[in-house]
Amino acid sequence: MIKAEQKPFEEILEYLAPYNKILLSGCGACVTVCHAGGEKEGALLASALRMARQKTGKPLEILESTPARQCEPEFAQELSDTIGRVQAVLSVSCGVGVQTLARHFPATQIFPGVNTLFMGETVEHGVWEERCQACGDCILEKTAGICPIARCAKQLLNGPCGGSANGKCEIKRETDCAWQLIYDRSKSLGQLHRLTEIIPAKQWGVQSRDSGPRRIVREDLKV
Amino acid sequence: MSTFEPKIVAFCCEQSGLPAAEMAKTLKLKIPDNLELVPVPCSGRIETLYLLKALESGADGVVVFACYEENCRYLQGNVRLKGRVGYAKQIMAKIGLEQERLEIFHVATNSGVKFSEFLMQKADQLRLLGPNLGKIA
Amino acid sequence: MYQKVYESKATAPAPINLKPEVLIIGGGIVGITVARELAREGVQVVIAEKGETLGGGVRDLHFFYDRPAAVQKWLGDLIEVVEGAGNITVLKGAKLKRLDGQLGRFQALIRTSEGRERTLSPSAVVVATGCITRPAEAMSDGGRCIGSSEMEKLLAESRDLPVAWKGQPVKTVTFILDRTDDDIKIHTVNAIKLAVILQEKGCQVAVVARDLKVSASGMELLYRQARGKGVLFFKYDEPPVLSHSGDGISVEIPDMTVLRKEERETVSLLSDLVVIGETFAADPETQELCRVMKLRTGAGGALMEDNPQFLRVMSNRRGIFLAGACRFPQIIAESLSEAHAVVQEVKALLHGGVYTPVNPVAEVDPPKCAVCYTCVRLCPHAAIGVERYGDRNVYSAPAEKNGDTLWQAARVDPAACFGCGICVAECPARAITLYQ
């Protein structure tokens, strides 16, 4: 799922400085799961903002709402009444949710409350790590289910660099070398021969973000 | 002379803090005038949000009376609490609230005297610190 | 809002039916005692023993410290009763592979050595898996330094004969205690018990200990009896030094009865045999068992009771009990009192055939649940699981069940919940409520 963490508090205070009534909108999906923007974290941020503003003598009124998913138009629409009553929105959903609100409420300032970091998995409770960079052309079948794009600092496609030492990465010593992991897992699966196949360089411009936002169109599904 | 009497919200674990509070009451020990006791089944029940909400809605200081570590009736309650109090303190630092306004104090059921002494000291400390400027009265 | 710790609810959680069926894991002295007592009360008992014989660690013992009876005879009689009882089933070579569900809905999958599988649905599970012993660290060449159980065997085999070891007569014996397991009293009990027997057989016995632990019923008397019979006791701070001397071993310790350290002289105990207690350790299989049963382990990987200040035989899960050396190595009498405590607890639990959950209990509001597993991971009592309606486990896919739309969401089992509220406070969606 998408992983995010709260933006620096001062930054958020700065966005909200001109306003005295806002909506803090959380999201019940990914950011809830990573404890960044669900109902609990939203309420904590709201309480902190209220107190910080009270201290400066400029009280801030905050309405709170946590739709099940902010990235769907119907859920966004549910906020329309509330948004009519506030001057701005602080959204603690991922960047997608912020933009959904921005698209549906052209007249309202929407501020992000979290930094959307990556698509990752829960390594252990309270620890998340990046696993996918949405390159658009999955090669996990060749790399024993471990992604060198997301997990190798240099995004190497055909084996480790010279800096891989004792299974660790030279860029960040505490990080496992993705290619070491790929080699070890391929070996234990008896699939080492797959690594002899050369993976061609990625066509970033065509498949990936270099050519603007990617789009999926399913004509059969359109209403 | 200041007439400021700080308001203290004291969360009391029913396994330790609450019996200690009752003991202090029975022994007619001194406790601060402006004190609100909130009994909880285990200090693990106290949400980070409760700590902030108490400060937001009028407390000058928040105290949690919890069991000694490794002594929790529910094994992990006071350990989880410790993490949450740490998180709440981080948030308080960002708001600019003094760290002294939030504290865990470990007690046993028979710590009536400690309970009273700690609260009296806390009240003195808060009196010097002055009112919580973040509260929305 | 910070005062609102509980919500009230008109309807109490429904009572849970409990059949009189109990699964006991481990067929040692604790397991069979619990089985015999419960069977007498009309409970259907299954003992799952991993080995091929019942009796466990007690099979290495031959003498009680507090009564003249022969241990093996007593154990044999007990095993006979248990194996002959109509409502006790003994599964040998048995391993618990899975334990699903909660109190009242436990499902245990047991695989026996022949590869057969059995599914049981006990109302309570008693864990009595004991511990293991490691051979005492001998002197480097291994000679004349034996473990406590070897000495016990030696004495059992030569009841009416003079003591001899490998054909050589034994005149002097020194027991060295507290080299390991400093907090366990078994070594003291065994050493004094054997010392009395040896002394009666004409040996001169010395016991060298950091601290004698006599906090068991009758031990003070036994100690006095040993002193009366001429057993010598020495206390040490620094571990004694062992060296070969002629045909025996010389055990050297400073004489601690002299108060001034610099005036202490070294006492040398010339011994035909030196006896060192075995080291007790948690069974390495305990870890896997705890993973399967979602139980806690404590120091050294032993099973951990729920709370040492409350009932020591309770585990962190309701309906699962612990007793005996799987928690902490202890003497037979103490293991047996734990066994009896478990019997009382199980009887109390099964009494009336129902368990009524006691408030407060936590409850998840399914539509709000993001299925993040926070509560499942944090519940100290393993009371929370994610309910899968149907076979799929897809986030927020609503499923039809009994006409109601149900969500895949975490669910707190009211029978297993202790009402601490940890999950309530941690839920990132604030989807859990503590009801009173």
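In this predicted model, helix α1(C) touches helix α2(C) through C:Ile32, C:Ala35 and C:Arg36, which meet C:Leu78, C:Ile79, C:Val81 and C:Val82. By class, the residues of this contact comprise six nonpolar, no polar and one charged. Two packed helices are described by the angle between their axes and the distance between the axes. Here α1 (residues 29-40) and α2 (residues 71-84) of chain C pack at about 50°, and their axes lie 10 Å apart. That angle makes α1(C) oblique to α2(C). The crossing in which α1(C) passes α2(C) is left-handed.

**The sheet of chain C**

Chain C holds an open sheet of five strands, ordered β4-β3-β2-β8-β21, with parallel pairing. Because β4 (88-92) and β21 (320-322) of chain C each have a single partner strand, they stand at the edges, and one side of each is left without a neighbour in the sheet. On average, neighbouring strands of this sheet are turned by 20° against each other, direction ignored.

Strand β3 (residues 44-49) of chain C runs parallel to β4(C), and five bridges join the two. Within this pairing, C:Glu49 has C:Lys92 of β4(C) as its bridge partner. The strands β3(C) and β4(C) also belong, together with helix α2(C), to a right-handed β-α-β unit.

Helix α1(C) lies across β2 (21-25), β3, β4 and β8 (124-127) of chain C. Helix α7 (residues 332-350) of chain C lies across β2, β8 and β21 of that chain.

| Helix | Strands it lies across | Angle and reference strand |
|---|---|---|
| α1(C) | β2, β3, β4 and β8 of chain C | about 170° to β3(C) |
| α7(C) | β2, β8 and β21 of chain C | about 170° to β8(C) |
| α6(A) | β2, β4 and β5 of chain A | about 175° to β5(A) |

**The sheet of chain A**

In chain A, four strands form an open sheet in the order β3-β2-β4-β5, and the pairing is parallel. At its edges are β3 (61-65) and β5 (109-112) of chain A, each of which pairs on one side only. From one strand to the next, the twist averages 25°.

Strand β4 (residues 88-91) of chain A is joined to β5(A) by four bridges, and the two strands run parallel. The residue A:Ser91 has A:Pro112 in β5(A) as its bridge partner. Helix α6 of chain A spans residues 95-104.

**The contacts of chain B**

The contact with chain C takes 17 residues from chain B and 18 residues from chain C. On the chain B side, the elements that give two or more residues are β2 (35-40), α2 (48-56) and α3 (77-95). The largest share of this side, three residues, is supplied by α2(B). Its residues divide into nine nonpolar, three polar and five charged.

The contact with chain A takes 15 residues from chain B and twelve residues from chain A. Here α2 and α3 of chain B are the elements giving two or more residues to the chain B side. Helix α2(B) gives the largest share of this side, six residues. Eight nonpolar, three polar and four charged residues make up the side of chain B that touches chain A.

Conventions
Residues are numbered from 1 along each chain as its sequence is written. Chains are lettered from A and ligands numbered from 1 in the order in which they are written. This is a predicted model: local features need pLDDT of at least 70, side-chain atom pairs count only at pLDDT 80 or more; totals for chains, interfaces and linings use all residues. Two residues are in contact if their C-beta atoms, placed from the backbone, lie within 7 Å. Ala, Val, Leu, Ile, Met, Phe, Trp, Tyr, Cys and Pro count as nonpolar, Asp, Glu, Lys and Arg as charged, and the others, Gly among them, as polar. Axes are lines fitted to C-alpha atoms, for helices over the stretch in contact, and angles run from 0 to 180 degrees between N-to-C directions. Angles under 35 degrees count as roughly parallel, over 145 as roughly antiparallel, 65 to 115 as roughly perpendicular and the rest as oblique. A crossing is left-handed if the near helix is turned anticlockwise from the far one by less than a right angle, and right-handed if clockwise. Two strands pair if DSSP finds at least two bridges between them. A crossover is right-handed if, with the strands pointing away from the viewer, the path from the first strand over the helix to the second runs clockwise.
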